[in-house]
Amino acid sequence: MTPFEMTALITVLANVMAENLNSEQLGFVSAVFDQLGDTLDTIALQRANLQTGNGKQKEKENVELI
């Protein structure tokens, strides 16, 4: 799928969803997808930060947050 096809598909999906949701529901779904995207970005960035010199990732390390 090309980038143009991907954005067209996403636009169609957004229009179909918006057509079938009221404003409150649409706002909620939007917030959920925003958080999902931000969380996936955070995971991807942290994976990149954990990469070692040989290209392996230390994904299984336990990290305690206080």
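User: How many helices and how many strands does the protein have?
Analyst: This is a predicted model, where local features need pLDDT of at least 70 and side-chain atom pairs count only at pLDDT 80 or more, while totals for chains, interfaces and linings use all residues. Residues are numbered from 1 along each chain as its sequence is written, and side-chain values use heavy atoms, leaving out hydrogens and water. Counting DSSP runs from the N terminus (helices H or I, at least four residues; strands E, at least two), the protein has two helices and zero strands.

User: Which helices supply at least two residues each to the lining of the largest pocket?
Analyst: A pocket is an open set of points on a 1 Å grid where a 1.4 Å probe fits, with protein on both sides within 12 Å along at least five of seven lines, and lining residues have an atom within 4 Å of a point. The lining here includes Ile10, Leu13, Met17, Val29 and Phe33. At least two lining residues come from each of helix H1 (3-20) and helix H2 (23-50).

User: Is Met17 buried or exposed, or in between?
Analyst: Met17 lies in helix H1, and it is one of the residues that line the largest pocket. Buried means under 20% relative accessible area and exposed over 50%, with a 1.4 Å probe and protein chains only. Because its relative accessible area is 27%, Met17 is partly exposed.

User: Which residues does Met17 contact, leaving aside its neighbours within four places in sequence?
Analyst: The C-alpha atoms of Met17 and Val29 are separated by 9.2 Å, and the two residues are twelve apart along the chain. Taking contact as heavy atoms within 4.5 Å, the partners of Met17 beyond those neighbours are Val29 and Phe33.
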